[in-house]
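This note is intended for a colleague who is meeting the structure for the first time.

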Amino acid sequence: MTRPQPPSATAEAATDTVELDIGGMTCASCAARIEKKLNKLEGVSASVNFATERAHVSAPTTVTTQDLVDVVERIGYSASVIEAPSPDHHADGRREPEAEQSEAARWRQRLFVSTALSVPVVVLSMTPTFQFRNWQWLVFALAAPVAIWGALPFHRAAFLNARHGAATMDTLISVGVGAAFLWSCWALFFTDAGMPGMRMRFELLSTDQSGAPHLYLEVAAAVTTFLLAGRYLEARAKRASGAAMRALLDLGAKDVAVLHETDGVLSEARIPISDLTVGDLFVVRPGEKIATDGRVESGTSAVDASMVTGEPVPVEVGPGAEVVGGTVNAGGRLVVRAARVGSETQLAQIAQLVAAAQSGKAPVQRLADRVSAVFVPVVIALAVGTLGAWLLTGHSASAAFTAAVAVLIIACPCALGLATPTALLVGTGRGAQLGVVIKGPEVLEATRQVDTVILDKTGTVTTGRMELVAVLPAADVEESELLSYAAAIEGASEHPIGAAVARGAAARLADPLPEVAEFRSWQGLGVSGVVQGRAVVAGRPKWLAEEWSQPLPEALEAGLADEEAIGRTVVAIGWDGVARGLVVVADRLKPTSAQAVADLRGLGLRPVLLTGDNARSARRVADQVGIDEVVAEVLPADKAAVVRRLQEAGAVVAMVGDGVNDAAALATADLGISMGSGTDVAIEASDLTLVRDDLGSTVDAIRLSRRTLRTIKGNLVWAFGYNLAALPLAGLGLLNPLIAGAAMAFSSVFVVTNSLRLRRFRPVSGPAGSAG
């Protein structure tokens, strides 16, 4: 089940990817129609998402963006090109918040006016007690504005589609409401229904055979009001579903205080964030947002990165530390040098990945799209067939008309079209808040099927950074003296082990380290030099014994054996011709790794530890975190082969890694998960990216992906089930059109609100996490 790899650029014609904002869509059938038209262009592959009102188009360079826009506009919709998202540019696959608010406001205005007019219409029509002399003419006066003005968006869209030879959800609504209203007009003006003293009663079933005059003004008014309520709630819910992405994009600072040097004097000037360039120095005061990704040049502080990483505990930073744009300086003054700006920042790249995921379609949505494409013509045919069948079987025209209108009104392709995109929109947005970036909808299916998770040891289960863990001096040597000499000589090297010793000493010693003279590095063996007039050597114990005639005392030999037995790295230190002690460094476990492994088991996954380290060291780490299966001493080039071997044995494999040497394995796995601290290559090769450098977020990523997939499938079951049950009931005359209209409006609202439950997803990892 290896994921297909992208073909090489030379294997096919050059293509461009374009994101279009689509205006004028009112249902899933509209999206299916636009998608079909775009895909008719030679070489074009388009995916249109109704919920995000966006088209993701891959087209050869011979097809211009104007060609794509023209195709959309020719069939009655609007289209505009969306720029790449960045913190100062809203491009979450949706229109700007102001546009969305005005859209909801327009629906709300029609809804409130129509509700005020419809309530007396329904009450009078359903309650014979209230039907005074000539009541039907008052009902007509109240219902006419609702059926004409209130339903105008549906009529306008239906007319526009009809001009282009298409039928959509609006066609069903417009025909249903229009038929009910026009029938009522005919009955009022040309039959006894307009006579004084006329009485009418409400019937749940549409089986009245009396032949008595019957008006459908309450159907025209109430159905319109129900549908307006559904569209209004849908607009509000769709806005809420994208709130997480908007919040992410709103994190970016709007301006920045840049430092300029003039004649050796630094001056500060505040400029728009768009004018900031790579290499600029800028100031971040307490409480301000960090303007862009960069490296701290001076100052120390605590940085609140919770909106980017999901981690509520502020991170301490100082000179040399990297910071992420959009995070908040919670402590002291910082001077930062800009490293990435605009669309290159981590925040913008997360937004791009999430937007791409939201514009895609999960495999389970393809069936819904195919159904939506033929849904409206089939429903119109069913309505005509229902009308004919009732008349041919001897029923009254009134009963036949009622059943046909009910069929038109209760059908709802919108629920089908909204089932996947709304859940995907909310799920990916919530993931972005928690530091989990889901790259595409097909990833969701992979998280359900995975049964084995390979964990790269270094940087994933462990910190990937060597640390000083023990100092073992000889009997006649002070620990501080041993550590001082060791740190001085090792600190002069560029080796990670030397850096670890120097960092550890700086944290433990009060006095500054002594100077080193005549320093020399012996490649792969150790270092030597003169410290405070003494010839000091540090390196492998065997090297000290054989090359420098400085064997370890018996007590230190025992310590060496104990430390190496648990997989730690030991450095021997000697001076004046005698071995004086040992310093021990090790790659520490991340504090959350053991719990994360237990949680992965709880999800039914089999953890496997993969490392290039020796088997003894790997086994020690595996035992500490609770992993039974270890694959050690694997060369970087062979990691992908390990993944393939497990796949050939029948496993569905997820790979968690962070380095360049993990990229091939991440791409080969059925599900690639890269840690946020990882390299760009690893992140590019993965399906899920974890912004937080914490194995526990792997658990959250899989749980959230599975929860989103369950929500999508639940929505589809409801949408298919609703239509399969409702259409026959309406056709058999078992539903009054008024009840049908309410049910149809509720079906779309149900799907959207069900998806919104994903906003309540709670992580299990992190201090603030709770099972959810």
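Is Phe750 buried, partly exposed or exposed? In this predicted model, Phe750 is partly exposed, its relative accessible area being 28%. The points below place this residue and several other aromatic residues in context.

1. The structure contains twelve aromatic pairs. One of them joins Tyr485 and Trp575, whose rings are tilted at 55 degrees between the planes, with 4.6 Å from centre to centre. Tyr485 belongs to helix α16 (residues 479-491) and Trp575 to strand β20 (residues 569-575), so that this pair links distant parts of the chain, 90 residues apart.

2. Both partners of that pair may be described by their accessibility. Tyr485 has a relative accessible area of 5%, under the 20% limit, and is therefore buried. Trp575 also counts as buried, at 2% relative accessibility.

3. Phe750 pairs with Trp718 in a tilted arrangement: the centres are 4.7 Å apart and the planes stand at 45 degrees. Because Trp718 lies in helix α25 (residues 696-731) and Phe750 in helix α26 (residues 737-756), the pair ties together parts separated by 32 residues in sequence. Trp718 counts as partly exposed, at 25% relative accessibility.

4. A single aromatic cluster is formed by Trp137, Phe140, Phe181 and Phe189.

5. Charged side chains also meet aromatic rings. Arg110 places its charged end over the ring of Trp149, at 4.8 Å from the ring's centre. Arg520 lies over the face of Trp522, and here the distance to the ring centre is 3.7 Å.

Definitions and conventions. Residues are numbered from 1 along each chain as its sequence is written. This is a predicted model: local features need pLDDT of at least 70, side-chain atom pairs count only at pLDDT 80 or more; totals for chains, interfaces and linings use all residues. Side-chain values use heavy atoms; hydrogens and water are left out. Rings of Phe, Tyr and Trp (its six-membered ring) pair if their centres lie within 6.5 Å; planes under 30 degrees apart count as stacked, over 60 as edge-to-face and the rest as tilted. Helices (H or I, at least four residues) and strands (E, at least two) are DSSP runs, numbered from the N terminus. Buried means under 20% relative accessible area, exposed over 50%, partly exposed in between (1.4 Å probe, protein chains only). A charge sits over a ring if NZ of Lys or CZ of Arg is within 6 Å of the ring centre and within 35 degrees of the ring normal.
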